[in-house]
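Welcome! Here is a short tour of a few spots in this structure, with the sequence and the 3D view to follow along.

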2 protein chains.
Amino acid sequence: MTDLIHATDPKTGKPIDPGIALSDEADIDRLCAEATAAFRIYRNTSLETRAAFLEAVAAEIMESGEALIERVMVETGLPRTRVEGERARTCGQLRLFARVVRDGDFLDARIDPARPDRQPLPRVDLRLRNIGTGPVAVFGASNFPLAFSVAGGDTASALAAGCPVIVKAHPAHPGTSEIVATAIRAAITRCDLPAGVFGMVVETGIELGAALVTDPRIKAVAFTGSRQGGLALMQAAAGRPEPIPVYAEMSSINPVLLFPAALASRGSAIGQAFATSLQIGAGQFCTNPGLVLGTDGPGLDAFIAGATASIEGAMPQTMLTPGIHAAYDRGVSRLASHAGVRTLARGDAPSGPHDAQAALFETDLAGFLEDGHLQDEVFGPSSLLVRVPDAGAFSDVLAHLEGQLTIALHMDEPDHPVVTTLLPVLEEKAGRILVNGFGTGVEVADAMVHGGPFPATSDSRTTSVGTLAIRRFLRPVCYQDLPQALLARALRDGNPLGINRMIDGKIAKH
Amino acid sequence: MTDLIHATDPKTGKPIDPGIALSDEADIDRLCAEATAAFRIYRNTSLETRAAFLEAVAAEIMESGEALIERVMVETGLPRTRVEGERARTCGQLRLFARVVRDGDFLDARIDPARPDRQPLPRVDLRLRNIGTGPVAVFGASNFPLAFSVAGGDTASALAAGCPVIVKAHPAHPGTSEIVATAIRAAITRCDLPAGVFGMVVETGIELGAALVTDPRIKAVAFTGSRQGGLALMQAAAGRPEPIPVYAEMSSINPVLLFPAALASRGSAIGQAFATSLQIGAGQFCTNPGLVLGTDGPGLDAFIAGATASIEGAMPQTMLTPGIHAAYDRGVSRLASHAGVRTLARGDAPSGPHDAQAALFETDLAGFLEDGHLQDEVFGPSSLLVRVPDAGAFSDVLAHLEGQLTIALHMDEPDHPVVTTLLPVLEEKAGRILVNGFGTGVEVADAMVHGGPFPATSDSRTTSVGTLAIRRFLRPVCYQDLPQALLARALRDGNPLGINRMIDGKIAKH
């Protein structure tokens with residue numbers, strides 16, 4: 001008899017039926033063998049076949065209908081509008097990668113034609129294209145049960161690159177994972193692809209995930225989650241006889257910088273908008289604004305008043321899992337009892353067992369610089385405000401900070417000169433710099449970077465959201481003097497695929 | 001008094017004057033501090049400034065004149081034509097990266113314009129460009145004292161990316177390194193750049209190199225050398241509090257596949273060409289053909305006869321260092337005394353103390369598959385021929401092989417069908433697949449890949465030769481709703497730099 005995992009309904013603390021079958025060691029071996037066999041077939045499918053498959057996955061997810069929506073809601077405590085929105089985002093992401101595959105830019109096709117008459121030596125014919133790196137292990141995240149989980153951005157970009165995917169399902173939403181996995185399998189059948197293009201592992205612990213990362217047939221790992229979890233995967237991958245890349249999106253407190261002119265003209269409004277961003281989704285976003293740096297003055301007091309009013313009137317929200325809730329409470333207690341930290345606001349008292357009570361704290365510049373742990377991420381609707389004497393002090397704080405996913409600037413035109421001097425520092429600290437907004441709400445687009453210097457991610461050269469995410473799973477191959485008939489169509493004379501190619505250093509569609 | 005290092009003249013075994021000053025721990029700290037300070041200034045120079053600097057480095061190297069050529073010759077034992085050719089290659093590479101910088105494609109500029117009317121939510125304005133990752137440590141290689149050393153491909157691509165470079169000079173050619181470093185410093189002065197754009201560390205051991213890789217101010221490492229050395233750097237980098245990428249080009253035996261039709265029609269000529277490739281530069285190339293797989297028959301006998309005649313008549317050549325020569329002799333002795341291996345040919349007896357005696361060995365398919373050590377790299381003019389029953393057996397051998405830089409195919413039109421079935425396997429094993437040639441002679445071009453699956457390199461997603469090498473030292477930054485005046489010129493409306501940009505998913509110069 002197969003053992004089952006039952007997720008916990010975070011609103012009630014009760015187990016959810018039906019249970020989902022747990023995997024075992026033999027499944028890892030079988031899935032890796034199937035993925036390896038599927039890799040060569042799948043990566044050599046036409047661009048149109050691969051694009052149509054990604055669209056079929058989106059269609060099958062939509063066809064899962066109410067059953068999926070309801071299972072997500074009960075497993076995560078998230079409200080219907082959020083779940084439906086996240087489903088739309090997930091399907092939109094799959095369709096965007098279908099466009100990326102059809103465009104063919106990701107192939108990075110390059111041709112340096114032969115020059116038989118070159119002196120002192122003739123030049124050979126060189127042609128380059130990207131191919132997939134091999135089977136990818138994807139670790140689903142708890143906080144985006146659809147968009148960063150079984151068919152989320154990591155899976156979509158790996159499949160787009162031509163790599164089979166084996167997902168380690170997040171134990172907080174095994175039922176959701178199973179429904180989405182079924183949708184992917186249906187799309188595989190519909191598109192007549194090998195079953196090994198997709199596999200899923202379900203466990204309550206971490207043993208099978210570790211076995212997956214150390215299996216020699218896995219060639220890359222994508223992960224969204226805690227710093228501890230990401231570091232463990234990085235170590236496991238680096239310790240393999242053949243080390244492989246790990247793309248871990250881990251830890252960020254997403255500083256918000258409040259500049260004097262903006263504070264003076266609209267401090268209270270910024271404070272209210274901040275409180276909304278802080279509390280959306282119970283603060284369970286990688287881009288949640290966990291640190292605010294504000295220049296001292298009446299504008300900052302107005303910001304605090306605006307934020308405080310919004311936080312104090314806010315209804316508590318259920319967190320994703322009992323574990324996340326417990327960690328949040330620990331983090332908040334640590335700040336509340338810190339000698340150098342003052343509590344500015346708390347949300348309403350919780351009603352459910354795993355409700356998060358929002359929190360805003362304050363410290364001063366010296367206190368913040370003194371204790372490195374004040375920049376530890378508290379996952380949930382908690383933020384720490386650091387009062388600085390003037391905008392000149394921002395660079396001291398930034399120099400002290402670890403790498404970040406985002407840094408948000410609230411500024412008006414008179415603030416431009418000081419922002420201009422800070423921009424070089426900001427670029428070296430974060431993957432995305434945004435103006436008069438908050439990092440929550442990550443657009444899935446060509447120009448998005450959801451990445452950043454360590455420990456925001458394990459690899460600042462990459463992004464896990466947006467079309468550039470595909471590059472993580474590609475490697476270039478060069479063909480020298482290969483006869484036309486043997487070349488991939490992307491590299492043949494006459495450009496039969498009609499894609500962009502770099503020929504003799506110039507990009508063009510010829 | 002500063003301690004000096006004296007390289008050994010490999011032709012005589014005698015120390016070379018003048019000695020070169022050794023670095024110490026304090027130099028590491030100073031160089032890292034200077035590189036960090038220079039980074040922000042240097043990465044924000046205009047494309048034209050950076051391109052002109054790369055060209056100035058090439059010009060200064062040429063101005064080093066005879067003094068450089070002669071010092072390379074005495075430190076490496078390489079002949080004048082090779083040294084002058086390598087200098088041309090090195091300067092050509094710097095000028096090619098100047099073109100890459102001016103073109104601006106490496107910035108990967110992307111713009112997703114705001115869509116205020118989008119439903120259900122407006123889209124923000126998103127713009128992306130690449131910036132340098134930070135100071136890079138480059139480990140010079142012994143076998144290309146110019147092209148893979150102080151101002152070689154790693155340095156050129158890192159400088160092009162906007163990253164300061166600290167070179168760990170190879171102790172086999174410290175005088176050469178000092179002359180080239182002086183040329184780079186002169187170019188820095190001429191272009192009015194900060195001194196910290198370039199630094200160099202000289203040592204006889206490995207302590208300072210290790211200190212460099214573990215210094216928190218270093219953000220990436222590039223290395224060309226032994227597998228042992230590369231693995232040690234990978235471990236050191238992965239063990240840092242902030243792990244950083246290591247681009248190590250390590251170990252490859254570059255299989256040569258001889259197909260039946262080609263062997264039948266021109267076995268002897270291929271054998272002669274192979275022997276030439278094997279012995280060029282005393283076989284001291286990463287792309288040296290260390291393994292030959294040939295289908296049994298009279299054509300293979302003709303190949304062996306052609307190769308043997310060429311090897312047996314060959315003059316011995318001086319190897320780069322006493323250490324390389326000793327390692328080569330050990331590797332050859334191991335093969336010569338191996339029970340399953342037969343010696344086919346040896347070159348003339350050595351005359352100088354560090355001359356390499358070329359060698360060709362043979363084993364059969366079963367013997368090769370049985371002993372994994374038969375695919376260990378023997379650095380120098382030694383190769384192992386594996387006689388296989390037919391071309392169908394190639395896939396068994398390939399499946400058994402580690403990752404490679406190159407695989408060369410000698411084939412005629414009747415061989416096309418079997419090559420077609422093998423191509424998918426070849427792509428998964430090597431970074432470059434070449435037809436009717438040998439891997440030696442690596443063209444510096446846009447479509448070149450000098451990389452490949454582990455252990456050929458530490459990171460198969462990259463190349464260390466060709467313009468794509470720049471991508472190793474870049475990371476993307478996204479700007480959301482940043483006012484025009486604050487944007488980098490690469491991202492402003494109207495495309496003031498006139499570069500390719502992806503706007504709403506389409507690449508164009510607007």
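Which residues in α5(B) are buried? They are Gly153(B), Asp154(B), Thr155(B), Ala156(B), Ser157(B), Ala158(B), Leu159(B), Ala160(B) and Ala161(B), where buried means under 20% relative accessible area, exposed over 50% and partly exposed in between (1.4 Å probe, protein chains only). Because nine of the nine residues of this helix (residues 153-161) are buried, helix α5 of chain B is largely enclosed by the rest of the structure. After α5(B) comes Gly162(B), with a positive phi near 95°. Helices (H or I, at least four residues) and strands (E, at least two) are DSSP runs, numbered from the N terminus.

This is a predicted model, in which local features need pLDDT of at least 70 and side-chain atom pairs count only at pLDDT 80 or more, while totals for chains, interfaces and linings use all residues. Residues are numbered from 1 along each chain as its sequence is written, chains are lettered from A and ligands numbered from 1 in the order in which they are written, and side-chain values use heavy atoms, leaving out hydrogens and water.

Next, look at chain A. Arg123(A) sits in the loop between β5 (110-112) and β6 (126-132). Contact means heavy atoms within 4.5 Å, and the residues that Arg123(A) touches include Asp504(A) and Glu443(B).

| Residue | Relative accessible area |
|---|---|
| Arg123(A) | 8% |
| Cys32(B) | 1% |

Finally, the cysteines. With a disulfide taken as a pair of cysteine sulfur atoms within 2.5 Å, the count over all chains is zero. Cys32(B) is in no disulfide, as the nearest cysteine sulfur, in Cys163(B), is 14 Å away.

Notes. Lists of a residue's contacts leave out its neighbours within four places in sequence.
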